[in-house]
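Reader: Hi! I'm new to reading protein models. Could you walk me through this one?

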Amino acid sequence: MASDTGQIGDSERRRRHAAFLEAVNIGDIDRVRRALNDGAIDINYAEPGTGLTALHIAAGRNAVAVLRLLVSTGRCDLGRMDNQRRTAAVVAVVVGRNPAVGRYLADLQNGAGIAATRRRRRGSA
């Protein structure tokens with residue numbers, strides 16, 4: 001995936017986003033990492049029908065390595081809601097049945113807890 005943001009059309013941008021979300025869905029961290037280096041990829045892109053972003057999908061699939069990679073970019077909108085008005089933190093608990101990940105994301109979203117303290121120390125808050 002080349003970084004030619006201004007040179008691609010809408011259909012190509014949709015195709016790249018679909019491939020990005022598929023990589024997140026199956027937990028393919030190498031493909032996710034490559035996609036994140038593609039300037040045409042918006043990390044907060046949401047599936048039109050569901051409103052799910054990459055962060056929502058990773059949280060719901062318990063793809064913790066992918067989730068950490070996404071969060072580490074500092075570009076995720078942690079408060080973004082899907083079409084059912086759920087944040088990724090809620091999806092982690094309700095769909096992924098992982099309250100630890102839900103708490104981690106909620107703490108990051110609200111600037112509280114150990115996760116937020118570590119981000120502040122690294123200067124990525």
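Author: Happy to! Let's start in helix α6, where Arg103 and Asp107 are about one helical turn apart because they sit 4 residues from each other. Their side chains meet in a salt bridge, at 3.0 Å from N to O; a salt bridge here is a side-chain nitrogen of Lys or Arg within 4 Å of a carboxyl oxygen of Asp or Glu.

Reader: Why can side chains like that pair up?

Author: Side chains of opposite charge can pair when their charged atoms come close.

Reader: Is Arg103 buried or exposed? And what about Asp107?

Author: Arg103 is exposed, at 55% relative accessibility, whereas Asp107 is buried, at 13%. Buried means under 20% relative accessible area, exposed means over 50%, and partly exposed is in between (1.4 Å probe, protein chains only).

Reader: Wait, where do these values come from?

Author: This is a predicted model, in which local features need pLDDT of at least 70 and side-chain atom pairs count only at pLDDT 80 or more, while totals for chains, interfaces and linings use all residues. Residues are numbered from 1 along each chain as its sequence is written, and side-chain values use heavy atoms, with hydrogens and water left out.

Reader: Got it. Zooming out, how many helices and strands are there?

Author: The chain has 7 helices and 0 strands, so from the N terminus on its elements run α-α-α-α-α-α-α. Helices (H or I, at least four residues) and strands (E, at least two) are DSSP runs, numbered from the N terminus.

Reader: And how many of the residues are buried, as a percentage?

Author: Of the chain's 125 residues, 42% count as buried. The chain exposes about 6,900 Å², with carbon and sulfur atoms supplying 47% of that; these areas come from the Shrake-Rupley method with a 1.4 Å probe, and for residues only the protein chains shown count as cover.

Reader: What follows α3?

Author: Asn62 does, and its phi is positive, near 60°.

Reader: Back to salt bridges! How many are there?

Author: The count comes to 7. One of them joins Arg13 and Asp10, whose closest N and O atoms are 3.7 Å apart. Both residues lie in helix α1, 3 residues apart, which is about one turn of the helix. Arg13 is partly exposed at 26% relative accessibility, while Asp10 is exposed at 53%.

Reader: Which residues are linked in a network of salt bridges?

Author: Glu12, Arg15, Arg16 and Asp38 are.

Reader: Tell me about Asp38. Where does Asp38 lie?

Author: Asp38 lies in the loop between α2 (29–36) and α3 (54–61). Asp38 counts as buried because its relative accessibility is 1%. Its side chain makes a polar contact with the side chain of Arg16, at 3.1 Å. A polar atom of the Asp38 side chain also lies 2.8 Å from the backbone nitrogen of Ala40. A polar contact is a pair of N or O atoms within 3.5 Å; within protein, one must be able to donate a hydrogen and the other to accept it, and residues adjacent in sequence count only if both atoms are side-chain atoms.

Reader: Okay, new topic: the surface. Which residues make a nonpolar patch?

Author: Val90, Val93, Val94 and Val95 make one of about 290 Å². Patch residues have over 30% relative accessible area and no salt bridge; like charges are joined within 9 Å, and nonpolar side chains (Val, Leu, Ile, Met, Phe, Trp, Tyr) within 5 Å. Val90 lies in helix α5 and is partly exposed, at 37% relative accessibility.

Reader: Last one: what about Val64?

Author: Val64 is in helix α4 (residues 64–72) and is partly exposed, with a relative accessible area of 35%. Val64 and Gly27 are 37 residues apart in sequence and 8.7 Å apart in space, C-alpha to C-alpha.
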